[in-house]
Amino acid sequence: MTENNSLTPNDWIQAGFHALTAGGPQAIKVEAIARQMHVSKGSFYWHFKNLPELKSAMLAHWLDNATHSVIDLVEDSQQKPQDQLRLLIQIATGGGNEPYGGILVEAAIRDWSRHDKLAASTLITVDQLRLKYLRKLFKRCGMSAKICTRNANNLYAALIGLEHLDHHGIANLKRDLPGLLEMMLLSQ
């Protein structure tokens with residue numbers, strides 16, 4: 001990466017998430033990210049007015065790409081509900097977070113939300129949308145509202161926890177989360 005205009009806002013957003021994942025919210029700093037990207041700070045200001053604008057863009061990007069776009073992709077598949085759930089889990093465990101810092105990026109966002117009102121608000125929105133969609137998919141499988149809520153909460157909580165366990169080599173996210181889903185689908 002060399003000149004200001006050869007980078008895109010998405011390059012800075014990805015670099016911001018890498019910084020967040022590696023060092024927490026305090027690591028999202030223009031100069032440090034520019035140094036990591038081997039460009040000047042001027043490159044940053046080509047795309048963003050200030051650091052709060054980058055942080056806002058990061059959260060909007062996460063909401064859109066890691067939630068809305070995933071839901072749209074699953075819906076567009078027009079598969080049976082059980083297969084839509086499987087596809088959703090495949091996407092969630094498929095490494096799409098690698099350009100943004102890897103398996104711990106969502107944990108880093110959750111930590112960020114403890115200290116930042118916009119991050120907290122975005123996290124609540126993301127969690128609510130994802131849980132609502134999971135309940136909807138389980139409902140399409142013919143499960144009762146109570147079971148849909150239980151399964152959605154448990155599957156989502158397992159995703160969050162298994163990311164940590166996988167990172168430390170204690171569990172295998174790509175094996176264990178689909179396994180949990182299959183148990184849920186068999187118990188209906």
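**Aromatic pairs**

I searched for ring pairs and counted four aromatic pairs. The model is a predicted one, and I read every value below with that in mind.

I looked up Trp12 and Phe44 and found an edge-to-face pair, with 5.4 Å from centre to centre and 75 degrees between the planes. Trp12 belongs to helix H1 (residues 9-23) and Phe44 to helix H3 (residues 41-47), so this pair ties together parts that lie 32 residues apart in sequence. I then checked accessibility: Trp12 has 0% relative accessibility and counts as buried. Phe44 is buried too, with a relative accessible area of 0%.

I went on to Phe44 and Phe48. Their ring centres are 5.4 Å apart and their planes stand at 25 degrees, so I noted this pair as stacked. Phe48 comes out at 5% relative accessibility, which I noted as buried because the cut-off is under 20%.

Which residues form the aromatic cluster? I noted Trp12, Phe44, Tyr45 and Phe48 as one cluster.

**Salt bridges**

I ran the search over the whole structure and got eight salt bridges.

Glu75 and Arg140 form a salt bridge whose closest N and O atoms are 2.8 Å apart. This pair links distant parts of the chain: Glu75 sits in helix H4 (residues 51-77) and Arg140 in helix H7 (residues 117-140), 65 residues apart.

Next I looked up Asp83 and Arg86, whose side chains meet in a salt bridge at 2.8 Å, N to O. Both residues lie in helix H5 (residues 81-92), three residues apart, which is about one turn of the helix. Arg86 has 34% relative accessibility and counts as partly exposed; Asp83 is partly exposed as well, with a relative accessible area of 26%.

The last pair I wrote up is Asp111 with Arg114, a salt bridge at 2.5 Å, N to O. Asp111 counts as partly exposed at 29% relative accessibility, whereas Arg114 is exposed, with a relative accessible area of 61%.

I also noted where salt bridges share partners: Asp83, Arg86 and Glu182 are joined into one network.

Conventions: Residues numbered from 1 in each chain as written. Predicted model: local features only at pLDDT ≥ 70, side-chain atom pairs only at ≥ 80, totals over all residues. Heavy atoms only, no water. Salt bridge = Lys/Arg side-chain N within 4 Å of Asp/Glu carboxyl O. Helix = DSSP H or I, 4+ residues; strand = E, 2+ residues; numbered from the N terminus. Buried < 20%, exposed > 50% of the residue type's maximum accessible area, 1.4 Å probe, protein only. Phe/Tyr/Trp six-rings, centres within 6.5 Å; stacked < 30°, edge-to-face > 60°.
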